[in-house]
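Visitor: Please pick one part and take a close look at it. I would like the packing, with cut-offs.

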Amino acid sequence: MTGADVLLLALGAVAVGSGVLVVATKHLVRAGLYLVLCLGALAGDYLVLTAELVAWVQVLIYVGAVVVLLLFAVMLTRAPIGASDDLDRPGWPAALIGAGTGLGLTALLVDAFRWSTVELPAAGTAEGIGEQVFRSWVLPFEVLSVLLLAALVGAIILSRPDIGRRPDDAASSSRTEVIR
Amino acid sequence: MRPVIPYVTAALLFGLGVYGVLRRRNAVLVLMAVELMLNAVNLILVTADTTVRAVLPHSGQVFALFVIVLAAAEIGVGLAIVLQLYRLRASVTVDDVPLTEPAVDRAGSTGARAGSARDAAAGSAGARAEAGR
């Protein structure tokens, strides 16, 4: 057991423990905060695994943006403060499928890697990643930028009901107003 | 460094994500469980990048960055859908989403409440099943 192993074990335990709380807690807001803990522990894992840029991007985008968006959604959907009992459906099938997937993958990976050891490479830098992104992976990178634009436009159109409505839907739109 | 430790962490997180997606009824919590699954995949990619000597160096980390960007786009569109659902139905319970809504919109009477529209959807689905028989 080297120092990296101990760190990986500790951070992995934190990530899995808070992951359990994310899917098991009765409090909506706490689920979001446990998700922060889980994603932060994973960022620590990336740091130990010498993926420095990925770790910081994880902190910036996941912990900084995605979780904030989720908490905004929790607030905008008027989630109850405190425990609520109607968050789950009765779920033996879910437990069965989830445990089957998780433990099956665990068995597969443990069987594949056993206790083989690997020397950690030198700490990665943003320079190496950037070189790869803009040399070998520049086409997927550009496609991703188009995808982000499409997602942006799609989100705007979805959240504005007055865009893209046909004239014959005027009656149903007034009905929507009534329901609101 | 033993690569089995992060690999097992990722497998367990993926299983938790699957469980959460199937178990939760609240759409926001379903999205959180999806994030758990995406992060498990990211951890696998980064670990593989560290432990496998590939032809192209750092490909795993580049893919992890791409997956993070995809997750950001997914969460943006997903939350737009969830908020629109809340605006229409005043609820984000995924069990209660009526899948036959457009047909009911045309046929339904004006001023129908959301609940009665849902009943009408069930009724029309039943009627169609009867006609099919």
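Guide: Chain B has 133 residues, and 46% of them count as buried (20 or more other C-beta atoms within 10 Å of the residue's own; 12 or fewer is exposed, in between is partly exposed; C-beta atoms are placed from the backbone). This is a predicted model: local features need pLDDT of at least 70, side-chain atom pairs count only at pLDDT 80 or more, and totals for chains, interfaces and linings use all residues. Residues are numbered from 1 along each chain as its sequence is written, while chains are lettered from A and ligands numbered from 1 in the order in which they are written.

Start with the fold. Chain B holds five helices and zero strands (DSSP runs numbered from the N terminus: helices are H or I, at least four residues; strands are E, at least two). Along the sequence the pattern reads α-α-α-α-α. Take the contacts in chain B between residues at least 6 apart in sequence: 45% of them join residues at least 24 apart. A contact here means two C-beta atoms, placed from the backbone, within 7 Å.

Now the side facing the partner. Here 69 residues of chain B are in contact with 86 residues of chain A. Helices α1 (4-23), α2 (27-51) and α3 (59-89) of chain B each supply at least two residues of that side of chain B. The largest share, 23 residues, belongs to α3(B). By type, this side of chain B has 45 nonpolar, 15 polar and nine charged residues. Nonpolar covers Ala, Val, Leu, Ile, Met, Phe, Trp, Tyr, Cys and Pro; charged covers Asp, Glu, Lys and Arg; the others, Gly among them, are polar.

Next, the core. The largest nonpolar core has 70 residues (buried Ala, Val, Leu, Ile, Met, Phe, Trp, Tyr and Cys joined through C-beta atoms within 7 Å). Those with the most contacts inside it are Cys38(A), Val54(A), Leu13(B), Val28(B), Met32(B) and Leu36(B). Both chains contribute: α1 (3-24), α2 (28-48), α3 (52-76) and α4 (92-113) of chain A, plus α1, α2 and α3 of chain B, each supply at least two residues. Helix α2(B) gives the most to this core, with 14 residues.

Zoom in on Val28(B). Setting aside neighbours within four places in sequence, Val28(B) is in contact with Leu28(A), Leu70(A), Ala73(A), Val74(A) and Thr77(A) from chain A, and with Val82(B) and Val92(B) from chain B.
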